[in-house]
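Subject: Structure for your review

Dear colleague,

Please find the structure below, together with its sequence. My notes on the findings follow it.

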Amino acid sequence: MAKIKINGKEFEVDPKKNLLEASISAGYDVPYFCWHPKLGSIGSCRQCAVVKYRDENDTVGRLVMSCMEPASEGSIISTDASQAVEFRSNVIEALMTNHPHDCPVCDEGGECHLQDMTVMSGHQTRRYEFGKRTHKNQYLGPFINHEMNRCIQCYRCVRYYRDYAGGDDLNVFSSRNRVYFGRANDGVLESEFSGNLVEVCPTGVFTDKTLKKHHTRKWDLTTAPSICTHCSVGCNTIVGERYGTIRRVYSRYNEQVNGYFLCDRGRFGYEFMNSDKRIKKFVVNGSFDGVTKESAFDFIVKALKGKKIIGIGSPRASLETNFTLKQLVGNENFSVGLSHKDYQLAKLAIDTLKNGNVRTPSLKEVEQCESVFVLGEDITNTAPMLALSIRQAIKNITKTKADKAGIPLWNDAPAREIIQDAHGPLHIAAPMASRLDDVANSTYFSAPENIARFGYVVAHFIDSKLSLPSGLTEEVTSKARKIASDLLSTAKPLIVSGVHCKNEDVLKAASDVAQALKTAGKDVRLSYTFEESNTVGAVLLDGKSLEEVFETKAEVLIIVENDLYRRLSTEKIDSYLSKFEQVIVLDHNCTSTTKKATVILPVGTFTEADGTFVNMEGRAQRFYQVFVPESDTIESWRRIAQIATAIDKPFDQKNFYDFTESLVINNAQFTGIETLAPPPDFKVQGQKIARESLRYSGRTAMKANINVHELKPIEDADSAMSFTMEGYHGQAPTSLITSYWAPGWNSAQAINKYQIEVGGALHGGDPGLRLIEPSKTNFKFYQSNPDAFKVSGSGLKGVPVYKIFGSEELSSKAAAVKERVSESFILLNSKDAAKADVKADETIEISLNGQLSSVKVLIQDDLADGLAGISAGYCGINPEMTDVTIKK
Amino acid sequence: MLSHLRSIGLALKHTFAKRETIQYPDEKVDLAARYRGRIVLTRDPDGMERCVGCYLCAAACPVDCISLQATNDESGRRYPEFFRINFSRCIFCGYCEEACPTYAIQLTPDYEISEYDRKNLVYEKEDLLIAGQGKQHGYNFYRVAGMAITGKDKGEGQNELPPVDVKGLMP
């Protein structure tokens, strides 16, 4: 630690930081634009000037850019010396000479870093009377709106987009004051992480296009902490509502999980909650005419009387919902809602993580790894934020180069200059090319069976005691040998695999590689991806698979938040459902399953309910209800409790907290999740935490057209937050942070004030609780040694291909995401395409395990012979797709 | 005794003084243009709605009686989808007018808005929008702002240079 003096006060700071970070961490407001905790400093905006003194006797000092000076021992600086203040106000005045008079129509207004910094720097009146330079805008796709006039040339966007997120279609053009940030031509931004530009850009150049459609100011949003529901990573989000619809999703800082960023699916997939496919009314026998809550429940009571019930939960529903359903129907009659195959895969992955001696990493730990080996996954499409973390992880090893040259890592430009394009080892074995290939040292494309075998070869070269699969070519062994030596050359290797290529041997091989590295004394991590937001939670809760539960004879079926047609073939599900007298479905969006329901009960999405998800790391995280909808919608677990009450088997539990507590009492594996958040009676200074800001507007007018008398606001019995602006507005416990705000800091960068040290952990610790830790005693090498893949006659073997937009059920119902979803497709290599006599872009009829689908042919030459990549999770695609026959 | 007489004298004097009471409603009081009465939404010199739905009036309102929703039309202009003022809550403080960056919302010298039924005091956009420019003449926000709208492209606003040719090679 270094001792430095800021404004005459002494502080102990990390000498590896710069003076700007040190000053902000110490609580001083120093304005800045180009610096970002994740991007480092480049000193381009000149806004963070402070005065640095030579020693105690120096009274004059000199102006320095605090972001470009190390916080070295004995530094003496002043952030409020008059020459620094004057310099900063001159700089902001210059930056603002071209800024348009746009704030009233700018979506960034009210949470704009430029507004905050302008006020902080003391610039008020425009003195520059000459013309403003203007720019033409570009169309950047359905997610991002472009308004180049507002640019202040801080370069954050390209540094984030290119250097951090690995995109290459956003760049900076032209020179001097004409500098332009955009694409070479109009077009959709290709990066899966383009949405973060909205938060990274300090002004309104890049804004959220979905928010623009239902524009709302930050202060008018009712916000609550939430967890993204669109994949198994479990990124922390803040969801905002106004006038009964969800308006936007913002990232919620969690150092361990997503840090500052989100992927585009998480940020823009929220609109499924506002879609016209939402179920908001009770439906009995296909009609909602004249159906009320009472009549629907009368129907249910009659239907359930003396009948045996089966309950099917869901990996996209919360733990509490699954638990409540299990409680209603009994352990024997409860299914987690996964097909047998998917259940086995997920169970294998979880058991491996629990019984092995390799730890599953959080995204932060991923970022600290040094070499990466990916087996069988296209991570960018299946767990996008993990891919972003891997991009950071492989930079670690090259950082020593900068260290040796004495360049601190925050000094971005010279560090980048010395590192150039070098990066640590990343090896990918997958069925076909993926987005991470651009930074991969080697790739191996083959069928899942061969990927597993390849994994075992790598494991053998790490630990020669492990057996070597037979019949390998020289090319494969030399590739594997290189991977083994690369992984052994670093102290912290990471092995990534997942359930998405639907092959148990791949998971087992990945585990063997990791265990072998552990035996070799490496600090190795093993990360498995899962399909849905709560797959891990549902499997940990335990229940039967779909096939198993349907063997039980029963008359009534209750399905909660699950579309069974996404689990098994249409034929199978049709025949299963036809055996039941009543099919009761609780869901929030219309699906193929709701079409078969005799009764549909409307329930809330994750923004209209409290709940807990367990992510791929095994981290249990709590999400909260954002607002109370005006329709009949309530939480799924509460709806199940209503059913229990209606059939005279009422539960003792009253509110969310009770359900969580009894979940823990009945399931020891979840011990501790009741402490994820303070209980509902928790108060700060005698008040609940407010979901609405102090400046929330319009509450005596927004419903005045319906009723001019304002009704008593609804109280939240389930959490320690209030639904109104009444309540505590200071810094809440980290699991209850409803939005980021500090005096003078209206933008999301107020996060600085919530962190112990800028870019580090939050005051009060990062929320979430790890449920899976390696037991270390019970591990074994799997050594399953599968047979090599063989092309069988005319048939093709189907490999699921996941797409970030389209493969996930809920986000593909969102309006903006829909624009990015392609048609259902089949990927073939040219040889197989020629054999089947089909051409690229042709729409053909194929049979997937006997179920016909119409798909578009795309040529993918790195796909092995005899394989067909099928768009997984797309509408009308059989989830069982092992055998593919082309019908034409 | 003397003070009693003085008081009676004063009272008598006032009997012949000029009347301050106005025979309302037959006679109307003469109010200044800046009087803070009924709120209106004005139009710009081209006859288009001035309000751009920035929510500043709603944020400034101390009794939270303004609520609106912004939306965009094809020309790129932003305007309020609905704009509601609950006059039964309004305290006519004029903060909304002060906050308005486009001179759209203005208070007028009309105070005769009493109703028997409270719900009739809830004014929607059609009730608030007037045909003219109100007190502030000549101001057109989109002429000053950098946003392009149909009929005013980039670089055609006041004090704006023509759009930069990004591919230009001149130093």
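A residue is called buried when its relative accessible area is under 20%, exposed when that value is over 50%, and partly exposed in between. Please note that this is a predicted model.

Glu192(A) sits in the loop between strand E9 (180-182) and helix H5 (196-200) of chain A, while Arg435(A) belongs to the loop between strand E18 (426-430) and strand E19 (442-445) of chain A, so the pair ties together parts that are 243 residues apart in sequence. Arg435(A), with a relative accessible area of 35%, is partly exposed.

The salt bridge between Arg359(A) and Glu365(A) has an N to O distance of 2.7 Å. Here Glu365(A) is buried, at a relative accessible area of 12%, and Arg359(A) is partly exposed, at 27%. Both residues belong to a network of salt bridges that also links Asp523(A), Arg525(A), Glu617(A), Arg619(A), Arg770(A) and Glu773(A).

In chain B, Arg38(B) and Asp110(B) form a salt bridge whose closest N and O atoms are 2.6 Å apart. This pair links distant parts of the chain, 72 residues apart: Arg38(B) lies in the loop between helix H1 (2-15) and strand E1 (39-41) of chain B, and Asp110(B) in the loop between strand E4 (105-107) and strand E5 (122-123) of chain B. Asp110(B) is partly exposed, with a relative accessibility of 22%. Over all chains, a search of the whole structure returns 57 salt bridges.

Strand E26 of chain A

Arg619(A), named above as a member of the network, is also part of strand E26 (residues 619-623) of chain A, where five of five residues are buried. Arg619(A), Gln621(A) and Phe623(A) point one way from E26(A), whereas Ala620(A) and Arg622(A) point the other way.

E26(A) pairs in the antiparallel sense with strand E25 (residues 611-614) of chain A, over four bridges. Within this pairing, Arg622(A) is the bridge partner of Thr612(A). The hairpin of E25(A) and E26(A) has four residues between the strands, and Gly618(A) takes a positive phi near 90 degrees there. A further antiparallel pairing, over two bridges, joins E26(A) to strand E29 (residues 769-770) of chain A. In E29(A), Arg770(A) stands opposite Arg619(A); these two arginines are both members of the salt-bridge network.

Nonpolar cores

The largest nonpolar core holds 217 residues, of which Tyr160(A), Leu328(A), Phe373(A), Ile390(A), Val458(A) and Ile495(A) touch the most other members. Leaving aside neighbours within four places in sequence, Val458(A) is in contact with Phe373(A), Ala480(A), Ile483(A), Ala484(A), Leu487(A) and Val513(A). Apart from this core lies another, of 29 residues, including Val799(A), Ala864(A), Ala868(A) and Ala872(A).

Helix H3 of chain A

In helix H3 (residues 113-121) of chain A, the buried residues are His113(A), Leu114(A), Asp116(A), Met117(A), Thr118(A) and Ser121(A). These residues pack against helix H2 (82-95) of chain A. Just after H3(A), Gly122(A) takes a positive phi of about 85 degrees.

With kind regards

Notes
Residues numbered from 1 in each chain as written. Chains lettered and ligands numbered in written order. Predicted model: local features only at pLDDT ≥ 70, side-chain atom pairs only at ≥ 80, totals over all residues. Heavy atoms only, no water. Core = buried A, V, L, I, M, F, W, Y, C linked by side-chain atoms within 4.5 Å. Buried < 20%, exposed > 50% of the residue type's maximum accessible area, 1.4 Å probe, protein only. Contact = heavy atoms within 4.5 Å. Pairing = 2+ DSSP bridges. Salt bridge = Lys/Arg side-chain N within 4 Å of Asp/Glu carboxyl O.
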